[in-house]
Amino acid sequence: MAKVSSTSHAEHGLRRQLGLRDLVLAQVLCVVGSTWVGVAAGFGRAQALTWVAAMLLFYFPVAAVVIGLNRVMPLEGGLYVWAHRAFGDLGGFLTAWNLWVYGIAVTAAILYAIPTELAYLIGPKAAWLPENHLASLGIVACIVGAITLAAVRGLEWGKWIHNIGGLAMITVFIGLILLPAWVVWRHGSGHQGIDRGMQFSLALPPLNLRTMALFGQMLVGALSGLEYIAIFAGESRQPARNIARSVWISSPIICAMFILGTGAVVAFSVPGHIDLIAPIPQTLRIALGNSGAGNLIAMAAILLLQLRLLGAASYLFTGVTRLPMAVGWDHLLPEWFTRLHPRWKTPVNSILCISGLVMLLELLGSVGVHAQEAFQVLSNASLTHYELTYMAMFAIPLVGAAALRKSLPGWLKWVSLVGFFASLFSLLTSAFPFVDVVNPLEYAAKIAGTVLISNAVAIAFYKLRSRQPRSEAKAVSL
């Protein structure tokens, strides 16, 4: 069997902080996004069948491949290490690059949603907040500073931020799922739209370009993230065993949250008027109102969502800071990225670099567009890179190094083939906007241009780096 390129965590001084509970809550935190129940609600009563189809075509193939590859290579860096071993230096570097760009962009997108959700928390008098770029960027800058400090301090602190975020998300979804029944008990079935949400239909949604784009985005956008925890394999206890167990434990919870949570949004939503940035706060406000006890309950639930957003942003941010470190261990990036804090053993240089890039992306993403379009540009640009990353992951059991393929079960190839084409379909539909934008062609050009330019930069950097004699690449000194 070919030698794994990355060395073990012990050789670099990383600390194993994550147990099974932390891994399970991290899976829920990373996979379950509050915005996707709003996207899926666009299918109306057909949302349940749509979710089931998406899970069969993408989620379960991801779970199978992640468990299989992590058992063979439970190493810090996760998918980067897998791709590096399967496809060599360039393949591994491009996989890490696309995952890195995704992590930065999706962190920025999550942070971009916080001012909108704060507006729902405060009430109608704060409706101006999402479109006030100066105020929104001020809020985001404070949060970026806080998660940067937490990342430097390490997972000893960070895991509690992530755990609280995961528990907050589960709590909110339990309340959301029970909301239609509670409203019927309090007000009867005549409450706005409640009859729509109490039924599930097996009918197919209308087949058109918009619904295909919605479904394509649900595949990777909503159901991705199970592999992300493997980035922390070198900081997890018994990673080969516990990461697989975290997938098994979290998967039924995640699937139930998506299907039942979307049903609650459908129960109260007005077709064509779903807030795709903050569908859960919108649903809570419709169901509970803006005054009295309902207002207090809605505010508490929205506050929990803020904790989830903070936890998710911190988790994704922390993970993306590990990629340059792992790539640097293989001398594909400068040694500067691999340097650890002398006390807390975290990649402090990489953390500070990512922090600056997140703030830069927040600034660029909000110039000259409305909040909905800026959010979708951030989300879809990151998603396009993630789709390429998943195509690389699913290609490993199909065309990766022969020694690696032989170590995997034969049935995993067929599962990977399904996941590969699901990822490809999501990629092909990612440039189609499902919100009103100023210029659809310009919007699509932004999405396509982002992935082409960023990968061209990656290839150029790799070629410049590879021209250096191997002897000039200094060994990592820690």
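**Figure 1. Overall fold of the predicted protein chain.** The protein chain contains 16 helices and 0 strands; helices (H or I, at least four residues) and strands (E, at least two) are DSSP runs, numbered from the N terminus. This is a predicted model, in which local features need pLDDT of at least 70 and side-chain atom pairs count only at pLDDT 80 or more, while totals for chains, interfaces and linings use all residues. Residues are numbered from 1 along each chain as its sequence is written, and side-chain values use heavy atoms, with hydrogens and water left out. Of the 478 residues in the protein chain, 60% are buried; buried means under 20% relative accessible area, exposed over 50%, and partly exposed in between (1.4 Å probe, protein chains only). Among contacts with a separation of 6 or more, 85% join residues 24 or more positions apart, a contact being heavy atoms within 4.5 Å. The protein chain exposes about 18,600 Å², of which carbon and sulfur atoms supply 69%; accessible areas come from the Shrake-Rupley method with a 1.4 Å probe, and for residues only the protein chains shown count as cover.

**Figure 2. Aromatic pairs, with Tyr59 and Phe60 as one of the examples.** Rings of Phe, Tyr and Trp (its six-membered ring) pair if their centres lie within 6.5 Å; planes under 30 degrees apart count as stacked, over 60 as edge-to-face and the rest as tilted. By this rule the model has 16 aromatic pairs. The ring centres of Tyr59 and Phe60 are 5.6 Å apart and the planes meet at 80°, so this pair is edge-to-face. Tyr59 is buried, because its relative accessibility is 0%, whereas Phe60 is partly exposed at 38%. For Trp336 and Phe337, the centres are 5.1 Å apart and the planes stand at 85°, so this pair is also edge-to-face. Trp336 is partly exposed at 36% relative accessibility, and Phe337 is buried at 15%. One aromatic cluster is formed by Phe58, Tyr102, Tyr386, Tyr390 and Phe394.

**Figure 3. The salt bridge between Arg322 and Glu235.** A salt bridge is a side-chain nitrogen of Lys or Arg within 4 Å of a carboxyl oxygen of Asp or Glu. The N to O distance between the side chains of Arg322 and Glu235 is 3.0 Å. Arg322 belongs to helix H11 (residues 292-329) and Glu235 to the loop between helix H8 (209-223) and helix H9 (239-268), so the pair ties together parts that are 87 residues apart in sequence. Both partners are buried: Arg322 has a relative accessible area of 0%, and Glu235 one of 3%. The loop between H8 and H9 also holds Gln238, which has a positive phi of about 45° although it is not a glycine.

Figure 4. Asp22 is buried, with a relative accessible area of 4%. Arg153 is buried at 15% relative accessible area, whereas Glu156 is partly exposed at 36%.

**Figure 5. A nonpolar surface patch that includes residues of helix H3.** Patches are made of residues with over 30% relative accessible area and no salt bridge: like charges are joined within 9 Å, nonpolar side chains (Val, Leu, Ile, Met, Phe, Trp, Tyr) within 5 Å. Val52, Leu56, Leu57, Phe60 and Val418 make a nonpolar patch of about 400 Å². Helix H3 (residues 47-72) contributes the largest share, 4 residues. Val52 is found in helix H3 and is partly exposed at 38% relative accessibility.

**Figure 6. The loop between H11 and H12, with Thr338 and Lys345.** Thr338 lies in the loop between H11 and H12 and is buried, with a relative accessible area of 0%. A polar atom of the Thr338 side chain lies 2.7 Å from the backbone oxygen of Glu335. Lys345 lies in the loop between H11 and helix H12 (348-365). The phi of Lys345 is near 55°, a positive value in a residue other than glycine. At 30% relative accessibility, Lys345 is partly exposed.

Terms used: Polar contact = N/O pair within 3.5 Å; in protein donor to acceptor, adjacent residues only side chain to side chain.
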